[in-house]
Structure formats: C-alpha cells, structure tokens
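This report describes selected features of one protein model. The structure is displayed first, and the discussion comes after it.

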Amino acid sequence: MDNNNGIVCSDESGENIMSYNVILASKSPRRKEILENLGVKFEIIVADTDESSDIKNPDELVMALASRKGRAVLGRLGGEVTDPLIIACDTLVYSEGEFLGKPRDRADAERMIKQLSGTSHSVVSGLYVYYGGREACAYAETKVYFDKLTPEEIRAYLDTNEPYDKAGAYAIQGRASAFISGIEGDYFNVVGLPVNTLCKLLKEKFGIRLNEE
C-alpha cells in the first residue's frame with residue numbers, strides 16, 4: 001500500500017508528520033467517492049458481518065454495527081498490515097420509530113417512499129475508527145424533509161435503479177434530490193459518510209487530521 005495517502009498527524013508546531021495505512025471497511029461506492037474527494041488514499045477491505053441487533057436506540061445501533069464491521073476487518077488483517085488506520089461506517093434511515101435499511105424489493109421500496117413522503121426523517125450514521133491499538137466511535141444525525149409525492153412520482157422513481165441499494169430507498173445526490181425540500185445537518189452524512197464527524201473523531205481521539213495541502 002502507498003503510505004503517501006493524504007492523511008497526516010502533527011503536533012502543535014506542525015512537525016512530526018507521519019503517514020498511515022488507511023483502510024475503508026466498506027464497499028459502498030458513495031463512501032469511497034467521498035473519501036477520495038478528501039484527498040485520502042486508502043485500501044478497501046470488507047468482512048462479512050451479521051447486521052442483526054436488538055438495539056432500539058438509533059445512535060447506539062449504528063455505532064454498534066460500524067464497530068462490528070471495523071473489528072471484523074481488523075481480525076481479517078491478522079497483523080499483515082503495519083499500523084492500520086481502519087474507518088468503518090454504518091448508515092440507517094430512522095422514520096416513525098422504524099429503521100429503514102436497503103429495500104428487499106420494489107414493494108418494500110414503495111412502502112418506504114410512501115412512508116417518507118410529506119414528512120421528515122432522520123439519517124443516522126455510526127463511525128468506528130481503529131488505530132494504534134485504540135478504537136473510538138461517534139455518530140451523526142441529519143434531518144431530511146420530503147415533499148408530498150404523487151403516486152405517479154413514486155412509480156416513476158421506482159422505475160429507476162436508484163432506490164434499491166440505498167438505505168431508505170432513496171439517494172439524496174441522485175433523482176430523489178427533486179423531492180427533498182431541506183435538511184438539517186451534514187449533507188454527506190445522508191450520502192453515506194459524515195465527513196465533519198469523521199474529521200473531529202480523527203483529530204480529537206487520535207491526533208490525526210486530514211492533509212490541508
């Protein structure tokens with residue numbers, strides 16, 4: 001792996017810059033794109049994990065699932081990567097007391113979109129970071145407001161490929177942007193990776209900041 005990866009760590013004087021072996025524990029193309037746009041070079045390593053849980057609190061649930069993903073990747077590495085910096089994330093849509101993940105099929109996607117139509121909901125992401133034998137978690141929440149959609153609008157959206165691999169059955173950065181009247185919070189959290197929360201977690205817990213070059 002190329003160590004010149006766009007992440008640096010420095011003391012208050014700006015010296016003692018170090019590089020890291022960054023691993024993104026996700027196959028999400030949206031998380032990959034967001035991290036690339038930050039100028040970070042990284043490797044993607046994914047480990048299959050069980051996403052079932054009895055946790056009812058959305059903040060606690062996403063952090064638990066993100067931790068499960070990150071720790072699974074750490075176990076898979078088996079010491080083969082020197083000083084890995086692992087970033088894992090899990091995102092869920094929370095509406096009317098229900099967690100909305102990726103729809104199973106068209107009928108499930110239609111149910112979700114109808115539930116979101118004309119209301120607000122929360123997009124909650126959990127972050128897990130591992131480095132140097134230490135781990136830390138955080139979460140971010142963004143409120144999203146949907147217009148009231150007509151049956152024709154819903155059918156047309158379901159006819160696209162967009163809803164079926166997205167939590168809550170929609171993509172804020174895609175065709176569904178036409179339905180969204182506003183958000184409160186981090187836009188990138190809704191896309192799939194809460195950038196501001198990630199940067200704060202890296203800085204405050206590990207002394208790591210994104211390269212500002």
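The model is predicted, and local features are reported for residues with pLDDT of at least 70. Strand 6 spans residues 120-131, and 11 of its 12 residues are buried, so that the strand is mostly covered. Strand 6 is paired with two other strands. With strand 4 (residues 84-95), the pairing is antiparallel and runs over nine bridges. With strand 7, the pairing is again in the antiparallel sense, over 12 bridges. Y128 illustrates both pairings: A88 stands opposite Y128 of strand 6, and in strand 7 the bridge partner of Y128 is C137. Strand 6 and strand 7 also form a hairpin, with two residues between them. In the turn of this hairpin, G132 has a positive phi of about 60°.

The side chains of H121 and Y170 are joined by a polar contact of 2.7 Å. Leaving aside residues up to four places away in sequence, H121 touches V93, Y94, S95, L116, T142, K143, V144, F146 and Y170.

**Salt bridges**

Side chains of opposite charge can pair when their charged atoms come close. The structure holds 11 salt bridges. Three of them are listed here with the separation of nitrogen and oxygen.

| Salt bridge | N to O distance |
|---|---|
| D165 and R30 | 4.0 Å |
| R71 and E135 | 2.8 Å |
| K166 and D165 | 2.6 Å |

The side chains of D165 and R30 meet in a salt bridge of 4.0 Å. This pair links distant parts of the chain, 135 residues apart: D165 is in the loop between helix 4 (151-158) and strand 8 (180-184), whereas R30 is in helix 1 (residues 29-37). D165 is partly exposed at 34% relative accessibility, while R30 is buried with a relative accessible area of 15%. D165 also forms a salt bridge with K166, whose closest N and O atoms are 2.6 Å apart. K166 counts as buried, at 12% relative accessibility.

A salt bridge of 2.8 Å, N to O, joins the side chains of R71 and E135. R71 lies in helix 2 (residues 58-77) and E135 in strand 7 (residues 134-146), so this pair ties together parts that are 64 residues apart in sequence. R71 is partly exposed, at 44% relative accessibility. E135 is likewise partly exposed, at 41%. Elsewhere, salt bridges that share partners join E98, R104, D108 and R111 into one network.

**A nonpolar surface patch**

Which residues make the nonpolar surface patch of about 240 Å²? The patch is made by I183, Y187 and F188. F188 lies in helix 5 (residues 187-191). The relative accessible area of F188 is 39%, and F188 is therefore classed as partly exposed, the category between 20% and 50%.

Conventions
Residues are numbered from 1 along each chain as its sequence is written. This is a predicted model: local features need pLDDT of at least 70, side-chain atom pairs count only at pLDDT 80 or more; totals for chains, interfaces and linings use all residues. Side-chain values use heavy atoms; hydrogens and water are left out. Helices (H or I, at least four residues) and strands (E, at least two) are DSSP runs, numbered from the N terminus. A polar contact is a pair of N or O atoms within 3.5 Å; within protein, one must be able to donate a hydrogen and the other to accept it, and residues adjacent in sequence count only if both atoms are side-chain atoms. Contact means heavy atoms within 4.5 Å. Patches are made of residues with over 30% relative accessible area and no salt bridge: like charges are joined within 9 Å, nonpolar side chains (Val, Leu, Ile, Met, Phe, Trp, Tyr) within 5 Å. Accessible areas come from the Shrake-Rupley method with a 1.4 Å probe; for residues, only the protein chains shown count as cover. Buried means under 20% relative accessible area, exposed over 50%, partly exposed in between (1.4 Å probe, protein chains only). Two strands pair if DSSP finds at least two bridges between them.
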